[in-house]
Structure formats: C-alpha cells, structure tokens
Amino acid sequence: MPEDGGVSRNDVGDTTDAGASRARNDESGLEAEGPRRPVTVVGAGLTGASWAGLFAAAGLEVRLQDVDEKRLTAAVDRAGAAARFLVENGLADATAAERGIGLLTATTELAEAVADAVHVQECVREDLALKRRLFAAADRAAPSDALVCTSSSGLSISEIQTAAAHHPERCLAAHPYNPPHLVPLVELAPGRLTTPDALTRAAAFFAGVGKEPVTLTHDLPGYIANRLSAALWREAVDLVLRGVATVEDVDTAVRCGPGLRWAAMGPHLLYDLGGGEEGIRGHMEHLAASKEGMLRDLATWTAFPAEAAETLDAGLVREKAGRGYAELTAERDSLLVSFMRARHRLRR
Ligand SMILES: NC(=O)c1ccc[n+]([C@@H]2O[C@H](COP(=O)([O-])OP(=O)(O)OC[C@H]3O[C@@H](n4cnc5c(N)ncnc54)[C@H](O)[C@@H]3O)[C@@H](O)[C@H]2O)c1
C-alpha cells in the first residue's frame, strides 16, 4: 500500500495492451507484475456483470456479490463472456483476461466480498435506502483505503456517502455508459464529503482498466452524458410529434450526421474546426445568430407528451423492419467495436 493510501501499481495489477490503448499509462498506478488486491462488484445484474467482465478482462481478481444466488451464477457467466468478447475483438489481452476469468468468484456475503478490496463498485438497483445500507456495510468491512463507488444513474452520491460513517471521503459516483465493458466513458462525481485524492485515484484506476474517465466538480443529476442525451432526445421526440420527420429519418439524421462526427470528437472541438482557421471565436461570430434562432424554436417541455410512447413505438416498428432485440444489440456492439478499434489504431 502506498504511503498516501492511494492505489499503488501493485494494488490493481497488470492490464493489457491489446488494441493499443487499453490499460496502462503513467497515471494509472499499474505495472506488469506484482501482488494484486481484488476488485468487488456489489450487485450482479446487468451493470454489475458488465463491470466485472471489464475488470476481469484487465486481469484483475473480481469478486461479485449479490443476495440472489441465481443472479450471481448467471453474472459470473456473463462477466466471463464479456471478457472473452473483448479478447475476441482485439480489445483485451488473452492472457490477462484468462487470468481474470479464472479469478472471478461470487458470494452472497458482503463483508467477505470487500475484505482486502482495492475498489468496490456498487451496482444494485436505484434505491437510496438500499444503497445507503450497502455503503454503510462496505465502509465497515473494506480496507480504509479502498475506493467505494456507486454506479447510480440518478441518485446523489452526497446522499449515499453519509451512510459511510468511517470513511465517506473515499466514496464517489463512477457512472458507466451501458454496456460498461464496451463503452469507454465513466463519469466520476464527488459527493460533498469526497476528497480530491479519491477522485484522482479513481480516475487512475479506471484509466488503468481501459476506461476514459471524466471528472465533474460536483454531483449533478444525469452527470454530463445523460443530460446531453436528454436534451437531444427531447428535440428528437418533438420533431416526430410535430410531424416534421419520421422516427426513422430523425434517427438517420443523428446516426449519419452529428452522431458519426461525435464518435470522433466532441461538440466543442468540432465547432472549433467548423470555424476554420478562426476557430470557435470565428464560428460564434458567423453562426451565433442562426443558432440562437434555432434555440428559440426548440422544445422546452419537461414532461413527455402523452402520445410520445405510442407514436415512437409505431415509428420504431417500421425502423426495425422485423429485426429483433438480439440482432439489433449484436449490430450495435459490432459497430461499437469497429469504432473503438479504429480509434485505438489512430492513437497507436
Ligand atoms: N442498466 C443501465 O443501463 C445502467 C447504466 C448506468 C448505470 N446504471 C446503474 O447501475 C445500477 C444497477 O442497475 P442495473 O440495471 O444493473 O440493475 P439490475 O436490476 O440489473 O441489477 C441489480 C442487482 O442488484 C441486486 N441486489 C438487490 N439487493 C441487493 C443487496 N442487498 N445486496 C447485493 N445485491 C443486491 C439484485 O439481485 C440485482 O442482481 C443502478 O444504480 C443504475 O442506475 C445502470
């Protein structure tokens, strides 16, 4: 354990270099060999199994914990499958992943699961009282330097962390974008009692397992990504409800236009490029007035119109054209893998 109580290189273990950028960088606190402390995933549902797959693919020892034995068994299988998926697609190193998969364990006992852990990733359902109970228990049983993170999409880490009576300062939100084993984003947000050191250590930990962490200065509903998604989706729904375009055409407009560009660069950098040599200042000067005209015309409602679900569903039936859930998720994941591999190649 480092003197500052941070995540040492030996604590989280080796990760891979497959696909070039997964794993190691100077800030990550990782190195090739050495003793490793386990990572605990509390709640073995959709999100927990996916996190476990990512951590296992990085060669870490993962302990899954849940109160439901059946879910635990299924989650170990799903985590192994997720780790193998990353290997098969060149996004994780086979040797590291086999080590991680071999070390995956499951238990219903929280105290056992978090003993010696370097990192606890809570993934139980969205229920403040439940998350507070688990943070209190994890805080009692985990080593005092372990980071304790919630995956919560909508609850406040400030409200959760006060249940951790001993060390609330090491508690933070680490919100993944679904599916966590594949989409690189993780949004880190402090609660009122979180220390900057905990945020720094968390960022290094997640970078070390191949994520691209962003750090908020404070806890905010929806963090960054879901707020932006909500803003875009409101207008997308509104365009359909106003009869301006079909569900399919709105999806195509996003997918083939800004969405494709956003996979390459964020909106600020793209608009900077859009200003040519004059950059963002030139862009603002030339286009602010027309953008402001659009802003005045955008939807502003804060409750979904009653007819939204039915109208969208009818449009989606046409867009899906008989393709089922499994086919569509496979297509989505295959494209995501292609984008990520292309990005890794570019950065090599
Ligand atoms: N599903 C997503 O797309 C997504 C994306 C980002 C973040 N999240 C967040 O992840 C968290 C989990 O969501 P999910 O969709 O994976 O839920 P889920 O329902 O799939 O899984 C929740 C799991 O928690 C377990 N659980 C319940 N009580 C428990 C207890 N006392 N101790 C241990 N385990 C317990 C359940 O048995 C279940 O396996 C939520 O906070 C959610 O906001 C979800």
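How many bridges join E1 to strand E2 (residues 62-65)? Select both: 4 bridges join them, and they run parallel; two strands pair if DSSP finds at least two bridges between them. Helices (H or I, at least four residues) and strands (E, at least two) are DSSP runs, numbered from the N terminus.

Before going on, a word on the model: it is predicted, so local features need pLDDT of at least 70 and side-chain atom pairs count only at pLDDT 80 or more, while totals for chains, interfaces and linings use all residues. Residues are numbered from 1 along each chain as its sequence is written.

Stay on E1 (residues 39-42) and show its side chains. Val39 and Val41 on one side, Thr40 and Val42 on the other, are all buried (20 or more other C-beta atoms within 10 Å of the residue's own, with C-beta atoms placed from the backbone). Thr40 has Arg63 as its bridge partner in E2.

Now pick strand E4 (residues 119-122), which runs parallel to E1 and is joined to it by 4 bridges. Here Glu122 is the bridge partner of Val42.

Zoom out to the open sheet: 8 strands in the order E3-E2-E1-E4-E5-E6-E7-E8, with mixed pairing. Strand E3 (105-107) and strand E8 (212-215) are the edges, each pairing on one side only.

Next, select strands E6 (residues 171-176) and E7 (residues 185-190), an antiparallel pair with 5 bridges. Look for Pro176 opposite Val186 in E7.

Last stop: helix H13 (residues 279-297), with 19 residues. How many of them are buried? The count is 0, so to speak a hardly covered helix.

How values were computed
The expected span of a helix is 1.5 Å times one less than its number of residues. A residue is buried if 20 or more other C-beta atoms lie within 10 Å of its own, exposed if 12 or fewer, and partly exposed in between; C-beta atoms are placed from the backbone.
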